[in-house]
Each structure stands twice: as C-alpha cells, then as structure tokens.
Amino acid sequence: MLDPLLSLSLSMHAQPGLYAVLIGSGVSRSAGIPTGWDIVVDLIRKLAEVHNESCDQDPEAWFRQKFEGAPTYSGLLEMLGMTQAERCRLLKGYFEPGEGELEEGRRVPTKAHEALAQLVAS
C-alpha cells in the first residue's frame, strides 16, 4: 500500500488543476462540529450501548480491552454500519445542523470555511 501522502501527490500530479487543502478537523470546531476524535469517542459509546456495557470512565480503554486493539474512525464505522448508506446516516448527525441549530448559529460555515470556498471559487 502506498503512503497516503505519496498517493495524494501522485493523484494531484495526474490531474492538473486539482488542489488539496490539508487541514485538521479542528478548523470546524468553532462551528460546533466535533473533531474526528470526538466522533471516535462518541462511536465507542454507541458501541458500548450495543453491548449493554458502560464505558463512561474511559471509552478508549473500554474499546482496547473489549476488542484488543486501538479504536479507529474507519474501523468503528465498519462495526456500526454494515453498508455505506448506514455509515453515512450514522455520520450525518455529527455534521449537518439539527432543528434549531441554524437559528442558533451552530453548525454553520465559519470565516475559515468561507475563505476556503472563496479560494476554491477563484
């Protein structure tokens, strides 16, 4: 398997005019969107509920003990959603605004998101 950075580089080189912006999930934090690790921890809690167990004290430790390995974003999604559609539905609630959130100004684009959109448009 290719190194992800090398794979991205080759893909971009093969497609002139294609750009990538490498940012962390924290750029959306001020918009009320959880980071990748926040989602991992919440998915572990959902998984513990499926097993009728509690992991409140340390979700990562519970996962490591239960499944003998470190939790990963993609691994948890595969465990909790059998199909791509199920996984998309599961993630939708983390990213899309719910009732009242738009009016409260939560989960709306920030200045950083707007700047990226302008950069893409130009």
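Reader: Why is E60 called partly exposed?

Author: E60 has a relative accessibility of 27%, and since buried means under 20% relative accessible area and exposed over 50%, with partly exposed in between (1.4 Å probe, protein chains only), E60 counts as partly exposed. This is a predicted model, in which local features need pLDDT of at least 70 and side-chain atom pairs count only at pLDDT 80 or more, while totals for chains, interfaces and linings use all residues. Residues are numbered from 1 along each chain as its sequence is written, and side-chain values use heavy atoms, with hydrogens and water left out.

Reader: What makes the pairing of R64 with E60 a salt bridge?

Author: The closest N and O atoms of R64 and E60 are 3.1 Å apart, and a salt bridge is defined as a side-chain nitrogen of Lys or Arg within 4 Å of a carboxyl oxygen of Asp or Glu, so the pair R64 and E60 qualifies. Side chains of opposite charge can pair when their charged atoms come close.

Reader: Why are R64 and E60 separated by about one helical turn?

Author: R64 and E60 are four residues apart in helix α3, residues 59-67, where a helix is a DSSP run (H or I, at least four residues) numbered from the N terminus. R64, with a relative accessible area of 41%, is partly exposed.

Reader: How do you know that R106 forms a salt bridge with E101?

Author: In this pair the closest N and O atoms are 3.7 Å apart, which lies within the limit for a salt bridge. The side chain of R107 also meets that of E101 in a salt bridge, at 3.4 Å from N to O, and a network of salt bridges links E101, E104, R106 and R107. In the structure there are eight salt bridges.

Reader: Are E101 and R107 buried or exposed?

Author: E101 has a relative accessible area of 10% and is therefore buried, and R107, at 16%, is buried as well. R106, by contrast, has a relative accessible area of 41% and is partly exposed.

Reader: What makes S28 count as buried?

Author: The relative accessibility of S28 is 14%, so S28 counts as buried. S28 is found in the loop between α1 (4-13) and α2 (36-50), and, leaving out residues up to four places away in sequence, S28 touches I33 and H113, where contact means heavy atoms within 4.5 Å.

Reader: Why is T110 called buried?

Author: T110 has a relative accessible area of 15% and is therefore buried. T110 belongs to the loop between α5 (84-95) and α6 (111-121), and, apart from neighbours within four places in sequence, T110 is in contact with V27, S30 and A31.

How values were computed:
Helices (H or I, at least four residues) and strands (E, at least two) are DSSP runs, numbered from the N terminus.
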